[in-house]
Amino acid sequence: VIQLRIPQITAWLASVFDIDPYSLAQAENGEELPWGAKRLKDQAFIAKELKKLLTYRSQLKDRDWQCRAVNHTLKQCMEESLKSANRFFTPTYKGAIMQACAWLTEEINQGLLAVSAKLVASNDTNLYVSVEEGSELDVEAHLNQCIQNACSDLGLEAGVPLCEKIASFEKILFIKRNNDNFLRYAYLGEEGEVKITGLYNTGPRWTQLAHYFQEELMKQILTGKDWQVWIREFTESVRDGAHRDKISYFRKVKQSDLLEKKDQAQVVALQKYLDHFKPTAPVNVISYIMTLDDGPVPSVLNPRTPDIEHYIESQLARVANPYL
């Protein structure tokens with residue numbers, strides 16, 4: 001899988017097609033776009049500024065923080081211009097940008113199909129393309145040439161190249177959550193360690209058990225092992241008493257919660273801690289374990305009957321189900 005860096009895609013398209021609200025509004029006798037809409041190229045003032053920013057980005061691509069600054073500016077420009085609250089916003093403008101994105105996606109897919117490659121994931125600044133094992137295809141050059149040809153056929157100038165290769169992976173696993181557009185993935189590093197982006201189950205509702213389970217699950221999937229059998233074996237080992245050192249929750253508790261949120265697990269556990277140890281200073285953080293016979297119990301009391309099914313359902317199952 002090849003990772004390609006691209007400019008902020010809606011800004012790039014707006015600059016190539018000379019799309020902005022004013023050029024579309026003045027386009028009764030303008031030039032026609034591939035999907036039928038018209039725009040007046042000479043009146044695309046915002047598009048001209050975007051072209052300047054894209055040129056700066058191309059010149060600064062070897063200077064990391066400056067390149068990121070330009071990317072951020074491009075992103076902010078497009079996000080603001082596409083908000084309905086913006087005084088320059090028009091539905092025609094948003095529709096033209098969406099049509100341009102559809103055109104580009106189709107051109108990329110057609111270009112990759114011709115060389116037995118496939119676009120597997122993308123966002124506004126990255127493309128991930130899978131190629132056959134052992135392939136010597138230069139994906140960067142191929143896609144840039146395809147887009148250049150497609151633009152030339154429409155009488156347009158592609159401007160700065162679209163793609164720039166920045167990494168490659170032997171195998172990479174993507175997962176989509178909550179129908180968002182954020183790329184979440186895992187891959188194996190050079191030493192065989194699992195590298196995870198956007199997949200960590202962070203926050204107070206997750207335990208170390210969930211983190212450990214997810215990382216090991218990624219390793220099983222990416223190395224081609226029978227990960228479904230591994231899940232069953234891991235679950236049984238947890239039932240048999242393994243990984244008991246990873247099942248504590250860590251939660252913050254306000255003093256006001258002792259009165260207002262008495263039924264919440266972290267508050268119940270803190271109250272038990274206060275009753276047992278009677279500390280003189282306020283306690284704001286509590287580590288506790290869910291038990292079968294006494295609910296949430298402070299970890300320091302070393303409870304002997306943890307509610308293992310609770311952890312299997314709320315920690316292991318919630319991590320594994322998206323993959324299963």
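1. The side chains of E164 and R5 form a salt bridge with an N to O distance of 3.0 Å, where a salt bridge is taken as a side-chain nitrogen of Lys or Arg within 4 Å of a carboxyl oxygen of Asp or Glu. This pair links distant parts of the chain, since E164 belongs to strand β6 (residues 164-168) and R5 to strand β1 (residues 2-5), 159 residues apart; strands (E, at least two residues) and helices (H or I, at least four) are DSSP runs, numbered from the N terminus. R5 is partly exposed at 22% relative accessibility, on a scale where buried means under 20% relative accessible area, exposed means over 50% and partly exposed lies in between (1.4 Å probe, protein chains only).

2. A word on the basis of these values: this is a predicted model, in which local features need pLDDT of at least 70 and side-chain atom pairs count only at pLDDT 80 or more, while totals for chains, interfaces and linings use all residues. Residues are numbered from 1 along each chain as its sequence is written, and side-chain values use heavy atoms, with hydrogens and water left out.

3. The whole structure holds 10 salt bridges according to the search, and one of them joins K219 to E216, with the closest N and O atoms 3.9 Å apart. Both residues sit in helix α7 (residues 208-222), 3 residues apart, or about one turn of the helix. K219 is partly exposed, at a relative accessible area of 28%, whereas E216 counts as buried at 18%.

4. A further salt bridge brings together the side chains of D294 and K272 at 3.4 Å, N to O. Here too the pair links distant parts of the chain, with D294 in the loop between β11 (285-291) and β12 (295-298) and K272 in helix α10 (residues 265-277), 22 residues apart. D294 is partly exposed at 44% relative accessibility, and K272 is partly exposed at 23%.

5. Helices α3 and α4 have axes that come within 9 Å and cross at roughly 160°, the axes being lines fitted to C-alpha atoms over the stretch in contact, with angles from 0 to 180 degrees between N-to-C directions. The two helices are therefore roughly antiparallel to each other, a label that applies to angles over 145 degrees. Residues L50, L53, L54 and R57 of α3 meet residues of α4 that include V70, L74 and M78.

6. Finally, V253 lies in the loop between β10 (249-252) and α9 (257-260) and is buried, with a relative accessible area of 4%. V253 and V283 are 30 residues apart in sequence, with their C-alpha atoms 8.0 Å apart in space. Leaving out residues up to four places away in sequence, V253 touches Q266, V267, L270, V283, N284 and I286, where contact means heavy atoms within 4.5 Å.

How values were computed
Parallel < 35°, antiparallel > 145°, perpendicular 65-115°, else oblique.
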